[in-house]
Amino acid sequence: MALPRLVPAAAGDPAGTAGLRAQVRAFLTEQLAAGTFSPSVDAWLCGWSVAFTGALAARGWLGMTVPKEYGGHGRSFLERFVVTEELLAGGAPVAAHWIADRQIVPALLKYGTEAQKREFLPAITAGECFFGIGMSEPDAGSDLAGVRTRAVRVDGGWALTGTKVWTSGAHRAHAFIVLARTAPVDPQHRHAGLSQFIVRLDGPGVEVRPIISMNGGHHFNEVILDDAFVPDAMVFGEIGDGWRQVTSELSFERSGPERLLSTFPLLAAVTDSMADEQLPADATLGRLVARIAGLHQMSTAVAGALERKEPADVAAAVVKVLGTTTEGDIADFADLRTGDSTGVDSRHRELVMAAVDQRPGFTLRGGTNEVLRGVIARGLGLR
């Protein structure tokens, strides 16, 4: 199978990244030729391959922004952006390391203790340590202030009790960062009294239960904490500062190219089918490509802001809302245009089916679009 058409280097890309893009594309072409993966939809969520992650680590494409003193490569957010964008556009199986490399690394660098940095950053960079996120809960939805998981002070640490849901990869990951209440709810200040903890998923008092999707896929999980002990050394950041830490971390989760490229392999397949006249030409394709190009520029700009350590919460929310809406529109477009056509190959149909299956989740994960519109409105002073 030919490598899908990938996102071109933007005119504003920093010097030196064109060569890096070329390296990643050459790597993906080699991997495809070797049959190590087939491009897939939502590969950053569903495509778990420890071997592929190891191959990326060997090339220095994990922990790119981690300082060399912690086993990383000391490269920029923009360089990391170029690598991740190409991997996503190629539909590569990057789920194993995705959360750790995208979200945990910058959070550790910002809030982690020296001991935490030295324990986890080298292992993440080597592709040997995988993380999940423990934010969402059964009754809280996208309202993180409604978190009910509680952490109670005990001798030498904390005891955590509660349930987390939609924890991607928890059945394979080594640890996850849990948001919990360390003080009673104050109705006037609902965001106060929250703290974060690094919890090992194989520890006592931790049970991981699978959440099976309607298509039979398993990447989501429910994690039940029953007086799970967390030593003081695994308190993440400051007690009571959890809300500020989480909202800062969400910039990394919401602004990345995965919020606009989850269905890019399908868009590339539709383009090829139209070019080969297996499907009739449609001007809507051009509009979708233009939207992706614009979002590419926006997401690149957020990466630049993060590189400069500038606030990017509102911009990240904008990218997430527009990007995930575009992903869903690509799925709908491909589904409607493919229809009962017998001209397209089976691989094309598999991509359509996967995109349609995953489509409802695009605008939910990472914060619903309804919640994010509120974030945008408040950030612009409209609420």
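The largest nonpolar core of this predicted model has 53 residues, and L28, F52, L56, W61, L87, V94 and L266 touch the most other members. By nonpolar core I mean a set of buried Ala, Val, Leu, Ile, Met, Phe, Trp, Tyr and Cys residues joined through side-chain atoms within 4.5 Å. Buried denotes under 20% relative accessible area, exposed over 50%, and partly exposed in between, with a 1.4 Å probe and protein chains only. Among the elements that give two or more residues to this core are helix 1 (17-34), helix 3 (50-58), helix 4 (77-89) and helix 8 (264-275). Helix 9 (284-307) is another of them, and its seven residues are the largest share. Helices here are DSSP runs of H or I with at least four residues, strands are runs of E with at least two, and both are numbered from the N terminus.

Where does this core lie? Domain 1 (14-129) and domain 3 (256-380) both contribute residues, so the core lies between them. The domain bounds come from an automatic or database domain assignment, which also gives domain 2 (133-244). The centres of domain 1 and domain 3, taken over C-alpha atoms, are 21 Å apart. Between these two domains, 20 residues of domain 1 are in contact with 23 residues of domain 3, where contact means heavy atoms within 4.5 Å.

Beyond its neighbours within four places in sequence, L266 contacts V41, I330, A331, A334, H348, L351, V352 and A355. Apart from this core lies another, of 47 residues, including I104, A123, L144 and A173.

A word on conventions. Residues are numbered from 1 along each chain as its sequence is written, and side-chain values use heavy atoms, with hydrogens and water left out. As the model is predicted, local features need pLDDT of at least 70 and side-chain atom pairs count only at pLDDT 80 or more, while totals for chains, interfaces and linings use all residues.

The pLDDT, the predictor's confidence in each residue from 0 to 100, averages 90 over the chain, and 95% of the residues score at least 70. Residues 1-11 stay under 50, and the model has 37 contacts for them beyond four places in sequence. Where pLDDT is low, the predicted coordinates should not be read in detail.

I turn to the UniProt record. An unreviewed entry places the feature "domain: Acyl-CoA dehydrogenase/oxidase N-terminal" at residues 20-128. Over residues 20-128 the chain is 64% helix and 0% strand, with the end C-alpha atoms 24 Å apart. The C-alpha atoms of A55 and L322 are separated by 32 Å, and the two residues are 267 apart along the chain.

Finally, the strands, which pair if DSSP finds at least two bridges between them. Strand 1 (residues 131-134) pairs with strand 4 (residues 175-181) in the parallel sense over four bridges, and G134 has V178 as its bridge partner in strand 4. From strand 1, F131 and I133 point one way and G132 and G134 the other, and all are buried. Strand 7 (residues 218-231) runs antiparallel to strand 3 (residues 157-164), with seven bridges joining them; W158 has V230 as its bridge partner in strand 7. Strand 6 (residues 206-212) is likewise joined to strand 7 by seven bridges, and these strands run antiparallel. P210 stands opposite N221 in strand 7. The hairpin of strand 6 and strand 7 has five residues between the strands, and G216 takes a positive phi near 90° there.

Key. UniProt positions renumbered as here; feature names shortened; annotations may be inferred.
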